[in-house]
Amino acid sequence: MTHEARSTMNSETKLSQVKQALEKFPRISLGHLPTPLEPMDRLSEMLGGPRIWVKRDDCTGLASGGNKTRKLEFLMADALKTGADTVITQGATQSNHARQTAAACAKLGLDCHILLEDRTGSNDTAYNFNGNVLLDQLHGSTIAKRPGGADMQAEMEALAADLKAEGKRPYVIPGGGSNRIGALGYVNCAAELVEQAAGLGLKLDALVHATGSSGTQAGLVAGLTALESDIHLLGIGVRAPKEKQEGMVYDLACKTIDYLGTGGAVDRETVRANCDYVGPGYGMPTEGMKEALKTLARLEGLLFDPVYSGKGLDGLIDQTRKGYFNGMDNVVFLHTGGSAALFGYPDIFGLPGYRV
């Protein structure tokens with residue numbers, strides 16, 4: 001048997017082991033999976049670097065899609081297992097996680113309460129009442145605001161105590177669905193991506209994505225570790241400084257792989273976050289983000305969001321130009337969805353409007 005054949009057999013064995021490990025956890029089907037893996041050849045041509053692909057997790061289907069749907073498949077199953085009739089979660093004003101949680105609750109007949117943290121201080125009407133905020137309410141969730149810097153976990157626990165006193169059975173989901181249960185969704189995504197690439201006869205060199213509350217990246221780190229994959233994973237930070245971001249991801253990735261139960265340990269060197277594209281703060285526009293969004297809309301016909309994927313794209317494009325991916329042939333950008341948030345930022349792109 002050749003070395004290549006042995007390597008392929010080992011990969012298939014690891015993939016089977018990870019799939020079997022995931023099957024032991026409660027899960028509810030909420031998403032349209034697997035999501036497509038598509039080339040972005042016009043972008044690749046513009047950048048003159050490796051061939052760039054997009055993993056379309058904006059196509060998960062739930063409430064216009066997004067990465068949180070994968071997490072909610074496991075989180076909502078756990079909520080139902082505990083006998084919950086109510087879900088509480090939190091996020092920033094234009095939270096994609098809040099929107100998808102509200103939709104999942106509607107689908108499953110659960111009450112939903114969302115606490116939105118004012119991280120930007122914006123008084124703009126569109127930002128505070130349009131986009132994801134409008135959809136939260138359309139799906140039947142109640143929403144309440146908390147000031148920036150509030151202890152949101154404590155705020156959720158206080159609300160849970162009040163609801164329990166009223167006879168409710170609340171289930172609290174952390175911001176972004178980022179705990180070891182939610183991160184299983186991106187262990188599953190890692191396995192899905194590796195299987196898709198194998199089916200296409202494609203060797204993936206790198207995977208790039210926006211990283212915030214850490215659950216998506218932690219799940220990918222844990223999944224790629226369990227799969228013994230050599231795909232280079234790079235998170236583009238949208239909120240925290242590099243040291244803090246990598247620390248959160250590493251901590252949750254370790255908890256996730258232990259929870260998965262496949263053995264193995266996360267190598268700290270595989271946790272990478274470039275946090276040079278955050279700009280003035282979380283949810284605050286940058287020129288690079290705006291240019292990246294317009295570029296992808298006009299080159300590939302794809303819509304991304306101003307908070308997460310737009311800043312992730314800015315990082316992908318800039319790092320490609322700076323040679324970060326030199327020597328690589330195929331780089332995947334994980335599209336985490338969130339285009340609904342564009343309607344919370346209608347004036348940032350300087351578009352001309354109607355022309356006579």
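**Cavity, helices and loops**

A search of the whole structure, which is a predicted model, finds one cavity of 30 Å³ or more.

Q: Which element gives the most residues to the lining of the largest cavity?
A: The lining is made up of N67, K68, A210, T211, G212, S213, S214, G215, T216, Q217, Y308 and T336. The one that gives the most, with three residues, is α9.

Q: How many residues in the lining of the largest cavity are polar?
A: The lining residues include N67, T211, S213 and Q217. Divided by class, the lining has two nonpolar residues and one charged residue, while the number of polar residues is nine.

Q: Is S214, one of the lining residues, buried or exposed?
A: S214 belongs to the lining of the largest cavity and has its place in the loop between β7 and α9. Its phi is positive, near 95 degrees, although the residue is not a glycine. Because its relative accessibility is 6%, and the cut-off for burial is under 20%, S214 counts as buried.

Q: What is the relative accessible area of H97?
A: H97 lies in helix α4, which covers residues 96–108. Leaving aside neighbours within four places in sequence, its contacts are K68, L72, T89, Q90, I173, P174, G175, G176 and G177. H97 is buried, and its relative accessible area is 3%.

Q: What distance separates the end C-alpha atoms of helix α7?
A: Helix α7 covers residues 152–165 and so has 14 residues, which at 1.5 Å a residue should span 20 Å. The separation of its end C-alpha atoms agrees with that expectation, at 20 Å.

Q: Which strands do the buried residues of α7 pack against?
A: The buried residues of α7 are M152, M156, L159, A160 and L163. They cover an arc of only 105 degrees around the axis, and therefore lie on the same side of α7. The face turned away from that buried side carries the exposed residues K164 and A165. The buried residues pack against β3 (86–92), β4 (111–118), β5 (142–147) and β6 (170–172).

Q: Which exposed residues are carried by the face of α10 turned away from its buried side?
A: The buried side of α10 includes V249, L252 and I257. The face turned away from that side carries the exposed residues E243, K244 and D258.

Q: How far apart in space are R119 and P147, C-alpha to C-alpha?
A: R119 has its place in the loop between β4 and α5 (125–129). Not counting residues up to four places away in sequence, R119 touches Q90, G91, A92, R239, Y282 and M284. R119 and P147 are 28 residues apart in sequence, and their C-alpha atoms are apart in space by 7.4 Å.

Q: What separates the C-alpha atoms of D58 and K68?
A: D58 has its place in the loop between β2 (51–56) and α3 (68–81), and at 16% relative accessibility D58 counts as buried. Its contacts, leaving aside neighbours within four places in sequence, are S64, G65, G66, H335 and G337. D58 and K68 are ten residues apart along the chain, and the separation of their C-alpha atoms is 9.8 Å.

Q: What value is phi of A63 near?
A: A63 lies in the loop between β2 and α3, and at 17% relative accessibility A63 counts as buried. Its phi is positive in a residue other than glycine, with a value near 55 degrees.

Key: Residues are numbered from 1 along each chain as its sequence is written. This is a predicted model: local features need pLDDT of at least 70, side-chain atom pairs count only at pLDDT 80 or more; totals for chains, interfaces and linings use all residues. Side-chain values use heavy atoms; hydrogens and water are left out. On a 1 Å grid over the protein atoms alone, a cavity is a set of points where a 1.4 Å probe fits but cannot get out, and a pocket is an open set with protein on both sides within 12 Å along at least five of seven lines; lining residues have an atom within 4 Å of a point. Grid points are joined across faces, edges and corners, and a volume is the space filled by probe spheres set on the points. Helices (H or I, at least four residues) and strands (E, at least two) are DSSP runs, numbered from the N terminus. Ala, Val, Leu, Ile, Met, Phe, Trp, Tyr, Cys and Pro count as nonpolar, Asp, Glu, Lys and Arg as charged, and the others, Gly among them, as polar. Buried means under 20% relative accessible area, exposed over 50%, partly exposed in between (1.4 Å probe, protein chains only). Contact means heavy atoms within 4.5 Å. The expected span of a helix is 1.5 Å times one less than its number of residues. The arc is that of the directions from the helix axis to the C-beta atoms.
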